[in-house]
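Let's walk through this structure together, one part at a time. Have a first look, and then read on.

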Amino acid sequence: MQVLVVGGEHAFVHGTFASKLEGVGVNIGSHWDWTMRRPPQAIPKGCRGVVVLHDMVGHHLSNAAKDAASAAGIPFALVPRKFSAALPVLKKAGIVSDAVAVADEPMDATDADATDSELRSWVTLVLESAFASSDEEVAARVADVMPGGVSSIATTVAQVRSEMRASWSTAHRTADAERSFTAAVTAWANELRVDTDDPLSLSQVRAMIRTVFGVAVPDAVLTGIGFQLWEVRGAFSRERIRSGVAAGDQMYAGLSPEDRAGLAKWLEDGTQHDILTAAAKNMRGRPVEAVTILLRCVPDLSLTAANKAYIKLTGVNLGPFYYDAVKWMLGRTTAPVVDPGPVASTASDDLKGEVAEVARENAHERAILDAFEAAVEAVANGGTADVMLRMVNAVAAERVEKRELEAADAELRAAEELFKAAQEKARITRERIARMRAQ
């Protein structure tokens with residue numbers, strides 16, 4: 001069989017180790033030297049197995065080799081450089097035939113150390129792909145390739161797990177610890193089924209990762225799951241961007257064809273247009289709506305151009321993440337239907353009315369979202385959700401007041417009707433009595 005050998009220096013691999021492999025019917029087809037910084041993503045053509053020298057290789061190479069072997073569907077073996085200890089593993093992986101005899105050598109301290117090192121390397125590899133699994137589950141997987149019972153290996157799993165957590169939680173992680181943590185949490189995240197549109201998902205995933213791994217999760221892992229960097233950084237929620245884009249689309253749809261064309265022309269070549277004064281007034285303090293309108297006018301408008309346009313329109317910078325968030329949301333929404341016809345004489349008045357209504361609705365939604373986010377942050381920092389409770393109580397008080405006043409008004413109207421009916425009945429009775437006495 002021809003194999004890829006990963007790790008070790010050229011002289012050792014193509015000398016001593018190659019001769020040992022040839023003695024059991026295995027040839028080295030390719031070699032990833034232990035100094036390689038960026039391993040290939042695929043197994044070299046012709047190789048039917050992968051052999052990693054775990055005590056002569058870094059994690060980045062061994063993990064890349066393991067992933068490539070899995071993708072190619074070929075055997076993978078993690079072995080020490082001492083061949084007498086490596087041969088049983090090669091046989092178990094199916095790289096070496098069972099018919100090949102294993103030399104019966106007495107185990108010395110060096111062999112014992114090599115076996116322990118190999119066991120810990122296997123445990124590390126399995127934990128990096130299934131850190132949330134129990135010690136016994138990890139041990140059962142390692143027992144398929146290493147001697148020893150599950151209960152014995154589980155003790156080593158607990159030790160290695162603790163050491164990995166300690167290396168991850170240091171203030172300044174080493175490159176190996178950073179790579180190990182990223183591999184472990186990414187493998188864990190790939191098994192999740194997360195609804196990223198659920199407002200609570202982000203905080204739940206963060207809490208789960210801290211519980212499983214004992215440390216905060218990197219932004220790259222969360223964005224890999226499907227969250228956006230602006231929501232990971234806490235700039236704003238998806239709902240806030242969604243409502244802002246919807247409001248911006250309403251404002252954009254309310255513009256006349258002439259005004260939309262004029263705004264687009266100004267964005268593209270700086271040509272002055274009458275819409276700019278009105279646009280500046282409507283966009284001030286509403287960056288999400290503003291970017292929505294700008295990108296609807298010119299879909300390929302760059303971040304730099306959008307920021308310059310917003311500064312010219314409002315006199316202030318756009319701020320971080322607004323462009324990225326709106327651009328992302330526009331990719332998930334359908335452009336509003338706009339009127340391509342002539343400009344109506346009342347278009348300006350209608351637009352002002354629509355803008356005012358949208359502004360009121362958006363301000364109310366923003367107040368709710370801001371209160372919710374403030375409450376979540378307070379609870380996350382060990383506080384309470386008093387700010388949200390105050391808003392709920394205030395709105396509830398308004399509703400109770402309105403409901404009771406409406407009920408009182410209804411009762412008053414009913415009483416007035418009864419009073420009028422009683423007056424009419426008294427009048428009729430008096431007239432009847434008067435007629436009777438006059439006869």
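**A tour of the fold**

In this predicted model, residues 24 or more positions apart account for 67% of the contacts in the protein with a separation of 6 or more, a contact being heavy atoms within 4.5 Å. Because the model is predicted, local features need pLDDT of at least 70 and side-chain atom pairs count only at pLDDT 80 or more, while totals for chains, interfaces and linings use all residues. Residues are numbered from 1 along each chain as its sequence is written, and side-chain values use heavy atoms, with hydrogens and water left out.

The protein has 18 helices and 4 strands; these are DSSP runs numbered from the N terminus, helices (H or I) of at least four residues and strands (E) of at least two. Of its 439 residues, 38% are buried, where buried means under 20% relative accessible area, exposed over 50% and partly exposed in between, with a 1.4 Å probe and protein chains only.

Now for the partners of E3. Strand E1 (residues 2-6) pairs with E3 in the parallel sense over 3 bridges, pairing being at least two DSSP bridges between two strands. In this pair, Val 6 stands opposite Val 52. E3 also runs parallel to strand E4 (residues 76-79), joined by 4 bridges, and here Val 52 stands opposite Leu 78.

What lies in the core? The largest nonpolar core has 51 residues, and Val 6, Val 50, Phe 76, Trp 168 and Phe 213 touch the most other members. Such a core is a set of buried Ala, Val, Leu, Ile, Met, Phe, Trp, Tyr and Cys residues joined through side-chain atoms within 4.5 Å. Apart from it lies another core, of 33 residues, among them Ala 264 and Leu 330.

Ala 264 leads us to helix H12 (residues 257-269), where the buried residues include Ala 264, Leu 263 and Trp 266. At 1.5 Å a residue, the 13 residues of H12 should span 18 Å, and its end C-alpha atoms are 18 Å apart, which agrees; the expected span is 1.5 Å times one less than the number of residues. After H12 comes Gly 270, with a positive phi near 80 degrees.
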